[in-house]
Every structure is written in C-alpha cells, then in structure tokens.
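Welcome! Please take a look at the sequence and the 3D view before reading on.

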Amino acid sequence: MSRTPLAHGSLTSLVAALALLTAGCSGTADGAEAAGCRESDRWSAKERAQWLRPSVSFPEPTADEGRDESASDEAAAVVIRPRDSEDGGPLCEPVTVQVEFWELTATPTGTDLTSVQRYQLATDGTEKRAIGFPPGLSATERGACTGVLMAAYPGARLAEAELPADIAQPTSAPTADVEFSTDRISAYKLLPPSDPDQCAMDRQPTAVPPATSGPWPSYHP
C-alpha cells in the first residue's frame, strides 16, 4: 500500500509529459509555431500567396540569363529566397509553388499572351531557388515586339479564368499593371517589348491601291 502514492505520482507526471509533447507537435492554432516551424495545412490559397510574396524577387536581367532551375542569382529571372523564423517561416509542410512565364507579342489591338514555360516546385522556406528564363525569352534573344510576363503563385496551375482578361498595349517602361483574375498571385513582373509602338505600326494593314485598267489608273482621263 505504501507504493500506491508513488506510482500514482509517476503516472500523473508521465501523462503530463505526453500532453506537452503532443501539444508541441499538433493542436496549435493555424499559422502558429510548432516545433520550430509554422503550421499551414489549414491556410487558404490567399494566405499561402501572402506567405510566399516576400520570398519572391526578380533580379535585373543580364546578358548571361540562365534557362533552367539551376540558374545563379545573377542569371536568374525569378529567385525564391529562404525565410527565417522572424520572417514568417519555415513551414512544417512545404507548399507547392508554380513559376510561370508568358510570352507577350505587341499587336495593333493590344497584346497576345502565350504561356511558354512553367516550373513546379515545393518550398517550406528553407532553401533558395533560382529559375532562369525559358529559351528565346532572355534579354539577348527577345525581339523588339516580344515581352515577358512572369509570376510566382502557390497551388495548381492557373485556370483559364484566372489569367489576365486583357493586357493593354504596353509601353517600353516596365510599369504597366497586369490584373490577374485571382488572389493567388504572390508576385509578378512584366518585361514589355522594347518598341511596342513601332511593332503596332508595322502590323497595321497597308492601304489597297486603286483598281487599274491597263497601264493607267481607272480614274485617268
């Protein structure tokens, strides 16, 4: 009988220890710290986009722009940097991220938009990822009528309804806004054609010459 209080006390301590251990691995509020990481399994697509946004940057293009996911920072089109615990990360589970590139072609009526490359990766905020331009879209390869739109966003590939409904004729300065029809976009950058005004004029239909009858115009006396 003398051992009962001791056994009961040991059992109580064991239960308390297990409760603390369980609380450290789960049961935290959405986005709270758990075992040195952030829980994000219940985040909405918008919340994932907000978490990713500070990690995305678009280095200034150089002559040696890369074309793949192993590009250096200097040659990269898009860089996703790590996040420390004071900067919103890392996450307990990685999120799926898409990095997509569209080719823009200046036309008299606006801009044609065509998806040319998409990279899918997973990030928990602990690794740096640098992605280069697709073939034909680096600064040294693009023509005067060709621009690039690039974006990073979490989740699955954008649906047709989430793409920009319309892109106005861009100027040569990368200041035009692009309105995606979704709040999943973490960050985007537009590199417009270098001479869109001239491209639009070059594509205007030429005037049809007046009909002729023999060597003289039909209106010749």
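Over which residues does pLDDT stay under 50, and how many contacts beyond four places in sequence does the model have for them? One such stretch is residues 14-30, for which the model has 10 contacts of that kind; contact here means heavy atoms within 4.5 Å.

## How to read this model

This is a predicted model, in which local features need pLDDT of at least 70 and side-chain atom pairs count only at pLDDT 80 or more, while totals for chains, interfaces and linings use all residues. Residues are numbered from 1 along each chain as its sequence is written, and side-chain values use heavy atoms, with hydrogens and water left out.

The score pLDDT is the predictor's confidence in each residue, from 0 to 100. Its mean over the protein chain is 75, and 64% of the residues reach 70 or more. Residues 212-221 also stay under 50, and for them the model has six contacts beyond four places in sequence.

## The nonpolar cores

Let us step inside. A nonpolar core is a set of buried Ala, Val, Leu, Ile, Met, Phe, Trp, Tyr and Cys residues joined through side-chain atoms within 4.5 Å. Buried means under 20% relative accessible area, exposed means over 50%, and partly exposed is in between (1.4 Å probe, protein chains only). The largest core has 23 residues, and those with the most contacts inside it are V56, V78, V99, F101, F133 and M150. Two or more residues come from each of α2 (45-52), β4 (78-80), β5 (95-107), β6 (110-123), β8 (146-154) and β9 (187-191). The biggest contribution is that of β5, with four residues. These helices (H or I, at least four residues) and strands (E, at least two) are DSSP runs, numbered from the N terminus.

A second, separate core has 12 residues, including W102, L163, V178 and L190.

The loop between α2 and β3 (56-57) holds S55. This residue is buried, at 2% relative accessible area. Beyond its neighbours within four places in sequence, S55 is in contact with V79, I80, R81 and R83.

In strand β8 you will find A152, which is buried with a relative accessible area of 0%. Leaving aside neighbours within four places, A152 is in contact with V56, Q98, V99, I185, S186 and A187. A152 and S186 are 34 residues apart along the chain, yet their C-alpha atoms are separated by 5.8 Å.

## Strands β8 and β9

How do β8 and β9 pair, in the parallel or the antiparallel sense? They are antiparallel, with five bridges between them; strands count as paired if DSSP finds at least two bridges. Within this pairing, V148 stands opposite L191 in β9. Strand β9 is mostly covered, as four of its five residues are buried.

## The disulfide

A search of the whole structure finds one disulfide, meaning a pair of cysteine sulfur atoms within 2.5 Å. The partners are C37 and C92, whose sulfur atoms are 2.0 Å apart. The torsion about their S-S bond is about 95°, so the disulfide is right-handed. It links distant parts of the chain: C37 is in strand β2 (residues 37-38) and C92 in the loop between β4 and β5, 55 residues apart. C37 counts as buried at 13% relative accessibility, whereas C92 counts as partly exposed at 23%.

## Salt bridges

A salt bridge is a side-chain nitrogen of Lys or Arg within 4 Å of a carboxyl oxygen of Asp or Glu, and by this rule the count comes to three. One joins E60 and K189, with their closest N and O atoms 3.6 Å apart. E60 is in the loop between β3 and β4 and K189 in strand β9, 129 residues apart. E60 is exposed at 60% relative accessible area, while K189 is buried at 17%.

Another salt bridge brings together the side chains of R157 and E100 (3.7 Å, N to O). R157 lies in the loop between β8 and β9 and E100 in strand β5, so the pair ties together parts 57 residues apart in sequence. R157 counts as partly exposed at 44% relative accessibility, and E100 as buried at 2%. There is also a salt bridge between E162 and R184, with the closest N and O atoms 2.8 Å apart. Both residues are in the loop between β8 and β9, 22 residues apart, and both E162 and R184 are buried.
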